[in-house]
Amino acid sequence: MTSPTQTLNAAAQAALGTEYAAVFYYGALGPQLTDAGQIAVARTFEEQHRELRDRTAAALVAAGQSPVPPQTDYPLPFALAGSVDAQRLALATETGCAAAWRYLVTTAASGPAPSGLRRAAIDALTASAIRATRWRGILHPAQPTVPFPGS
Amino acid sequence: MSRRAWLGSAGVVAAAASAGALVALVRPDPVSGHPPGVPDWLPAALAREQQLLHGLDAAIRADPTLGVRLAPLRADHAAHLQVLQVLSSRYGPTPAAGGGSSARASTPTPTSVARVRQAELAASRATAAAALTAAGGDAGLLASIAACEATHAAVLT
């Protein structure tokens, strides 16, 4: 039977995994973007994911855990054939990250959890939701937000 | 919204997830158990959503040209309120929020985009704080609502 602590650590590792994937996907989608402003945004968002990835991995190490390693490859969910595909992938990436961080919030609130963990997960969820809104505003300008990010 | 503003809002939130905040994942601190009955945060969360809807309606009445821009935000808050009402029904009768009525009377009604944005930011902060004390899935729900309200502030920048 999985203990609450194991579940919590698995959720944290899963969040780290989505941050690895986010860095990879931004690297893949960036060259497909043609608008200079969007390229700059993608670079900034990629850097934010890179920083969060590193903080999360370092926190796991500090907690005596071995961070899951990145995968050697992250298959694209669909072929990238231009800017719109790149924007769609960026949105999907942020949506996936938001879901992972929301799950960590729920897990941290479901049993014993270190102080600060829930706050960090809430902040990460919010950051991904804001980034997703940036891409959704390009793809779906009439409906740039969703009511329940991460769900 | 300018690119700089977008980058800033996401960056500030990302920076808030400080290095130390995720430390000690396997050294759990006790989390207080979920109290029986209606959780403390629920009446205030319901009141916040009602207040935000009230403010958005007032802003649209004051300037009908804002309707197209604010309608998606209003729909999000209507969804929040609906879910919280369902949650409330599961917990049983929900007492009025402490100071809820007086808060509505004394809180300036947002009638401009800037004031709506301020109200969204304040709501996001309050809902995130509630997410720190709620239990289980309720915490995830509140964190999600807080994130949504932060996105509202971002699109209004």
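A: Gladly! Helices (H or I, at least four residues) and strands (E, at least two) are DSSP runs, numbered from the N terminus. By that rule chain B has six helices and zero strands, in the order α-α-α-α-α-α from the N terminus on. This is a predicted model, where local features need pLDDT of at least 70, side-chain atom pairs count only at pLDDT 80 or more, and totals for chains, interfaces and linings use all residues. Residues are numbered from 1 along each chain as its sequence is written, and side-chain values use heavy atoms, with hydrogens and water left out.

Q: What makes α2(B) roughly antiparallel to α5(B)?
A: Helix α2 (residues 41-62) of chain B and helix α5 (residues 113-131) of chain B pack at about 170°, with axes 11 Å apart. Axes are lines fitted to C-alpha atoms, for helices over the stretch in contact, and angles run from 0 to 180 degrees between N-to-C directions. Angles over 145 degrees count as roughly antiparallel, so α2(B) is roughly antiparallel to α5(B).

Q: Which residues of α2(B) meet α5(B)?
A: With contact meaning heavy atoms within 4.5 Å, B:W41, B:R48, B:L52, B:L56 and B:A59 in α2(B) meet residues of α5(B) including B:V116 and B:E120.

Terms used:
Chains lettered and ligands numbered in written order. Parallel < 35°, antiparallel > 145°, perpendicular 65-115°, else oblique.
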